[in-house]
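Here is a short report on aromatic rings and on one helix contact. Look over the model first, then read on.

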Amino acid sequence: MANKLLSEMGLPNSIANIFAARNLITAKDVFSLTEFELMELLDVDLAVVTSAMAHISEITCPPYQTALSLLEQRGQNENMAGHLPTSLKGLDNALCGGLPFGVVTELVGPAGIGKTQFCLKLSLLASLPSSYGGLDGSVVYIDTESKFSSRRMIEIGFHSFPEVFQTEGMAQEMAGRILVLRPTSLSEFTDSLQKIKVSLFQHGVKLLIIDSMAALLSGEGVQGPQRQHSLGWHISFIKSVAEFSRIPVVVTNQVRSQSRDGTSHYSFQEQSRGESPEAAAKLDSHLVAALGIHWAHAVSIRLIFESRSGQRFIKLAKSPVSPPLAFPFNITSSGISLLNDDGVEMPGPEIHSISCQGHNDVINFGSEMMH
């Protein structure tokens, strides 16, 4: 607005001509001088200068908005954008309908806590026919750790939506809507992202899942400034995909513990090396999100998955529409299930801490397995 031309502001011709003659073209040119400097330059009275500056200010300054108008505008934007319900009533209520379109939602937690289970259920909900409450679209699932299980996904579908999955051919149709990519390097992942952005509309994609980003970076051995540069580029691109396509984007993030020598250790790396449970428990005594503070600032919603004394929790640690809340949950044959829908408000640093106390990453459903 500061570069708006004075000639477009409807000033009286007498003062407009003087401004033009003194080479004052924009509002910025005028406001870069004091009233007395303008009096001297234009050779006019103070009253004329004051009146002209008030007129220019009124036009160039953005109009004020009340808190009520901002709230109403936000509600209209959210209704237009839409949400992907998670089927977890308490979480959906806190998020005003589910995961919002057009932003990045992050899932943080140790390996085996339930992040991939959550992603599998979201994939089904996005591909479910709209008559059953789904988005009736395709899903792009970028599986960097080879944890995607089609068998587990179908099992969740049979137990969550029996009326759909017991219909002949529906299980195959739903599974066919979920496109799984398994890049083996950061460069492959980058190529996949660029191709996805072009083809989102062609394939009717309604959800993008990246499970997980931290595994790719740790596998490349990227550290220091190079790591931050790579992270910065990727989060900017991922956010642009969400905003451009107006779909929810879900990214999982691992946890790490900082050792005394300053090196980072990841929970999934300890598992792959076959460390003892005692060593893993010692490592996980103080956990933080693996991708760091810059990544945390870039995401709009952060859900922390943790375990305290054997009980799993989903913590809504970051959201523009909800206070910080914690929901206890179990993993069943139908996916994640909240133990109550009210949630417990957790102000202060506790909402951002990540615990792994008494966590067993082996999920065994026994007789509940799919028939």
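Are Phe 305 and Phe 329 buried or exposed? Both are buried. Keep in mind that this is a predicted model.

**Aromatic pairs**

The count comes to five aromatic pairs. In one of them, the ring centres of Trp 233 and Phe 237 are 5.1 Å apart and the planes meet at 15°, so this pair is stacked. Trp 233 and Phe 237 share helix 13 (residues 224-245). Four residues, about one turn of the helix, separate them. Trp 233 counts as partly exposed, at 34% relative accessibility. Phe 237 is buried, at a relative accessible area of 15%.

Phe 305 and Phe 329 also form an aromatic pair, and this one is edge-to-face. The pair links distant parts of the chain, 24 residues apart. Phe 305 sits in strand 11 (residues 301-308), and Phe 329 sits in strand 13 (residues 325-332). Ring pairs join Phe 118 to Phe 305 and Phe 329 in a cluster.

| Pair | Centre to centre | Angle of planes | Type |
|---|---|---|---|
| Trp 233 and Phe 237 | 5.1 Å | 15° | stacked |
| Phe 305 and Phe 329 | 5.8 Å | 75° | edge-to-face |

**A helix contact**

Helix 7 (residues 115-127) packs against helix 8 (residues 150-160). Their axes are 10 Å apart, at an angle of about 60°. The crossing is right-handed. Helix 7 contributes Gln 117, Leu 120, Lys 121 and Leu 124 to the contact. From helix 8 come Arg 152, Met 153, Ile 156, Gly 157 and Ser 160. By class, the residues of this contact are four nonpolar, three polar and two charged.

Methods. Residues numbered from 1 in each chain as written. Predicted model: local features only at pLDDT ≥ 70, side-chain atom pairs only at ≥ 80, totals over all residues. Heavy atoms only, no water. Phe/Tyr/Trp six-rings, centres within 6.5 Å; stacked < 30°, edge-to-face > 60°. Helix = DSSP H or I, 4+ residues; strand = E, 2+ residues; numbered from the N terminus. Buried < 20%, exposed > 50% of the residue type's maximum accessible area, 1.4 Å probe, protein only. Axes fitted to C-alpha atoms, helices over the stretch in contact; angles between N-to-C directions. Left-handed = near helix turned anticlockwise from the far one by under 90°. Contact = heavy atoms within 4.5 Å. Nonpolar A, V, L, I, M, F, W, Y, C, P; charged D, E, K, R; others polar.
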